[in-house]
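I opened a new notebook page for this structure. These entries record what I looked up, in the order I looked.

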Amino acid sequence: MLSDDDILAAVRRGLGAPGADDAAFPAAGAHITRHLLVAGEIVRCVETRTEGTAFHAGTRDLSDLPEYDVLDRYPVPPPADPGAARSTLRLVRRGSVAAHACSTCTNGRKPCARCRGAGDVACRTHVPCAGCEGRLCCLACEGTGKRAREAADRPQGETASRVRCRKCGADDAACGKCRGAGRKKCGVCGGTASRPCPDCAGGGTVSHDFCAGTGRYVEWTEGVVVREPVVDTVEESSDLPARAFAWTNEADAWNRVDHVGEDAFPPDGTDTGSGPGTRTDLTKATDLTKATDLTQDTDLAEVAARLKPRLGFRDGEVARRVRVRYLSLARVTHDDHPDRVYVVIPGRPAPRVVTVRSPRRAWRLAALALLVLVAVVAVSRLLT
């Protein structure tokens, strides 16, 4: 954490004043507050367990699936990575597997529902002629065999030649494909009025879907354990606008917490590193409630306090990973610089300074903009 002297020296450098020249930004009149940025995520592996009846058509060897007695008591090791993709584990309850012979079919076959086991279905003896479709089969008798008093006109655009009608004998009047009949024998049944059933191909039976044509099926009680990650995003800035994150970059002296397990922070502020930008070792962690006893790292204690409301265990939670980073910024105002706020960001080789408008200046600019708007409206009304 930067000292007050380091913070004021950084602001002086940002103003272009020599480091030793305290007169450019004297300590008297300077007001320093510290603010913590915390960003990252809490990833929980959440587990759900369900039990129900499973079914398989035919035969199946279930010896490759684990067995259990009580699903809730079956031990499943916590995942090495709580953020791993969704996974599903299927189990078989011990002694629940039962193989059955299908009682609603014969060796996996059942009568065809379409032909009712007959093997054939009814069919039309004749079909409309593809050339004239029965409408203008003969221009003289229209397929009746008796000539009309007045012959019909040839269809507009017809190019096919007409032949003698086999019914009324009129020359050059009948369709060349059906010769005035208007229909032809069915090409499927040959005019017999019966054709093989398309569902059973004439056999009269079809495969039984329930048992997949095997005549057997297997039932058992199945337990299913599903694990999937649930991500809680963390992004907090104490008493600073949300855009404060945009003032920082990866080169700044972020401190990082990366821990997999039930606990979130080390006891008594234990930290394997030293100085800013180090990575906290949380392999030997303790309960979050002890985070309030941290004395060696006050920033880490504040991070613990910030995260505490988020770290309650959810139903089905079996593992978690806390991966956050935090950075302490200093906000500096000065009586001699009422229109500016200086934000000091720790980093290497030296802290950076971001200058923003003070709330006072922002209000003044807003008031000026409002005054200009009122003036414009007033002038426009006078002109109209």
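The entries below go from the whole chain to its cores, its spaces and some single residues.

**Entry 1: the chain as a whole**

I noted at the start that this is a predicted model. I looked up the secondary structure and found 3 helices and 16 strands. The chain has 384 residues, and 35% of them count as buried. I then checked the contacts between residues with a separation of 6 or more, and 72% of these join residues 24 or more positions apart. The accessible surface comes to about 22800 Å². Carbon and sulfur atoms hold 50% of that surface.

**Entry 2: the largest nonpolar core**

Which residues touch the most other members of the largest nonpolar core? I found Leu37, Trp247, Leu329, Val343, Ile345 and Val354, in a core of 14 residues. Four strands each supply at least two residues of this core: E1 (30-57), E14, E15 (337-345) and E16 (352-357). The largest share, 3 residues, comes from E15.

I followed Trp247 further. Leaving aside residues up to four places away in sequence, Trp247 touches Pro241, Asp252, Val343, Ile345, Arg352, Val354 and Val356. Another core lies apart from the largest one and has 12 residues. Leu36, Val234, Val257 and Val324 are among the members of that other core.

**Entry 3: helix H1**

I looked next at helix H1, which spans residues 4-14. Its buried residues are Ile7, Leu8, Ala9, Ala10, Val11 and Arg12. What do the buried residues of H1 pack against? They pack against E1, E14, E15 and E16. Just after H1 comes Gly16, with a positive phi of about 85°.

**Entry 4: the cavity**

Rolling a probe the size of a water molecule over the atoms shows where empty space is left. I asked how many cavities of 30 Å³ or more there are. The count is 1 cavity, and about 40 Å³ of space lies in the largest cavity.

I listed its lining: Met1, Leu2, Ile7, Arg34, Ser328, Leu329, Ala330, Val344 and Pro346. By class, the lining has 7 nonpolar, 1 polar and 1 charged residues. Strand E14 (residues 317-334) gives the largest share of the lining, 3 residues. Ile7 is one of the buried residues of H1, and Leu329 is in the largest nonpolar core.

I moved on to the second largest pocket, which holds about 230 Å³ of space. Of the 14 residues that line this pocket, Gly131, Cys132, Leu136, Glu158 and Arg162 are the closest to its centre. I sorted the lining by class and got 6 nonpolar, 3 polar and 5 charged residues.

**Entry 5: His126**

I looked up where His126 sits, and its place is in strand E7 (residues 126-128). Is His126 buried, partly exposed or exposed? The relative accessible area of His126 is 28%, so this residue is partly exposed. Buried would need under 20% and exposed over 50%.

Not counting residues up to four places away in sequence, His126 touches Arg183, Lys184, Lys185 and Cys186. I also checked His126 against Gly182, which is 56 residues apart from it along the chain. The C-alpha atoms of His126 and Gly182 are separated by 9.8 Å.

**Entry 6: backbone details in loops**

Pro349 lies in the loop between E15 and E16. The peptide bond from Arg348 to Pro349 is cis, with omega near 5°.

Ala201 is not a glycine, yet its phi is positive, at about 60°. Its place is in the loop between strand E9 (194-196) and strand E10 (205-207).

Asp239 is not a glycine either, and has a positive phi of about 60°. I found Asp239 in the loop between strand E11 (216-237) and strand E12 (255-260). Asp239 counts as exposed because its relative accessibility is 70%.

Methods: Residues numbered from 1 in each chain as written. Predicted model: local features only at pLDDT ≥ 70, side-chain atom pairs only at ≥ 80, totals over all residues. Heavy atoms only, no water. 1 Å grid on protein atoms, 1.4 Å probe; cavity = no way out; pocket = protein on both sides within 12 Å on 5 of 7 lines; lining within 4 Å. Points joined across faces, edges and corners; volume = space filled by probe spheres on them. Nonpolar A, V, L, I, M, F, W, Y, C, P; charged D, E, K, R; others polar. Buried < 20%, exposed > 50% of the residue type's maximum accessible area, 1.4 Å probe, protein only. Contact = heavy atoms within 4.5 Å. Areas by Shrake-Rupley, 256 points an atom, 1.4 Å probe, with all protein chains shown as cover. Core = buried A, V, L, I, M, F, W, Y, C linked by side-chain atoms within 4.5 Å.
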